[in-house]
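Q: I have a model on my screen and want to learn how to read it. Where do we start?

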Amino acid sequence: MAEQELPGVLILDIGGIHGVLPNIVALLQKHFRLITMKEFLENKKEMSKKIQSVFVFERRPTIDQELLESLPNLKVIANSGVGVDHLDLKMISNFGVKVTNTPHAVADTTADIGMALMLASARRLVEGCQIVISPDTKYFAVDWLGVEVTRATLGIIGMGNIGYKVAQRAKAFEMKILYHNRNQRKKEEEQAVGAHYCEKMEDLLQQSDFVMLALNLTPETCKLIGKRELGLMKPTATLINISRGAVIDQDALVEALQKKVIMAAALDVTDPEPLPRDHPLLKLNNIIITPHIGTATVQAIRMMAEEAIANMLAVLNGQPIPSEVFPK
Ligand SMILES: O=CC(=O)O
């Protein structure tokens, strides 16, 4: 097919820290005529007609009413990543545009970060590194005792693709696995990993040594974990978040960590991202925070692009769409 016949995809500007990575560009270019935001803004009249898809990478470009109004031939917004809380699904669907995501590409890599945070927090890895590089190092391991992950109880809130991958890994650590899902019990997954279903989230919170949040952010799950929920957790427990920052009431978390209501927290996500430098969470020593790197691997980024491309092609060719996301 000649290049000019390929369907147009709007992407971020190439290059720069937030640009689309070159290997992803190469993958997209096999199927699409790529139109950067810069090109689009410089020549809106011509470009707007060509654009049939938008490739959303790291939550950009921002999809607002103005952009949708300027793209008359837009058919699909392909989000690279599973969480679509940054997209107004209802508004987009009112424009007759479909939204897709990449739930399969992100599951292993995000579960790995969940395990990494759990292990790093339990075994105080970050403090350990700091001791080693500190000029007045004292190598007294007894001053830095951690807790064991092996055979501890893990409570997973949100047994979707990612939660299940966490459970598979936890099984290898001989953990007792509890899970809570707001809507659906997952009997097959339960059996495969030997997990126990907690109909009430409260039961999971009370029994777990590690609570891992792996659920979507929706209006219903916003601030799901607040003062009351933190108060139900064991004082020796750790809260791990690989979902979205806003599922935790962060003020309540600060207080719980300051007052040792729970032992520690390990977060890959916060609200906002990044946190302001003077945020109280950054002043605590019983917390680990990473900069939303759940899917930041060479392999995952590539798989997300492949999954997004498959979604876009399916929509444009009128075929069954592998991962469509619907407004609630
Ligand atoms: O945050 C990562 C994702 O939504 O996949």
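Q: Which side-chain atom of histidine 292 lies 2.7 Å from the ligand, a polar or a nonpolar one, and what kind of ligand atom does it face?
A: A polar side-chain atom of histidine 292 lies 2.7 Å from an oxygen atom of the ligand. The protein covers 85% of the 200 Å² of accessible area that the ligand has on its own. Keep in mind that this model is predicted.

Q: What lies 2.8 Å from an oxygen atom of the ligand?
A: Look at backbone and side chain separately. From glycine 83, a backbone N or O atom lies 2.8 Å from a ligand oxygen. From arginine 244, an N or O atom in the side chain is 2.8 Å from an oxygen atom of the ligand.

Q: Which residues are around the ligand?
A: They are Gly81, Val82, Gly83, Val106, Arg244, His292 and Thr295. By type, this shell divides into two nonpolar, four polar and one charged.

Q: Where does histidine 292 lie, and what is its phi?
A: Histidine 292 lies in the loop between β12 and α13 (298-316). Its phi is near 50°, a positive value in a residue other than glycine. Glutamate 174 also has a positive phi, near 55°. Find glutamate 174 in the loop between α8 (161-172) and β7 (176-180).

Q: Which residues does a cis peptide bond join?
A: Check omega. Another joins glutamate 273 and proline 274, with omega about -10°. Proline 274 lies in the loop between β11 and β12.

Q: How is empty space found?
A: Rolling a probe the size of a water molecule over the atoms shows where space is left empty. Here, the second largest pocket holds about 480 Å³ of space. It is lined by 22 residues, and the closest to its centre are Glu127, Asn285, Asn286, Ile287 and Ile288.

Q: Which elements supply the lining of the second largest pocket, and what types of residue are in it?
A: At least two residues each come from α6 (103-122), α7 (125-133), β11 (264-267) and β12 (287-289). The largest share, four residues, comes from α7. The lining divides into 15 nonpolar, five polar and two charged residues.

Q: What is the mean pLDDT of the protein?
A: Where pLDDT is low, predicted coordinates should not be read in detail. In this protein the mean pLDDT is 94, and 95% of the residues reach 70 or more. For the complex, the predictor gives an ipTM of 0.94 and a pTM of 0.93.

Note on methods
Residues numbered from 1 in each chain as written. Predicted model: local features only at pLDDT ≥ 70, side-chain atom pairs only at ≥ 80, totals over all residues. Heavy atoms only, no water. 1 Å grid on protein atoms, 1.4 Å probe; cavity = no way out; pocket = protein on both sides within 12 Å on 5 of 7 lines; lining within 4 Å. Points joined across faces, edges and corners; volume = space filled by probe spheres on them. Nonpolar A, V, L, I, M, F, W, Y, C, P; charged D, E, K, R; others polar. Near = heavy atom within 4 Å. Polar contact = N/O pair within 3.5 Å; in protein donor to acceptor, adjacent residues only side chain to side chain. Areas by Shrake-Rupley, 256 points an atom, 1.4 Å probe, with all protein chains shown as cover. pLDDT = per-residue confidence, 0-100.
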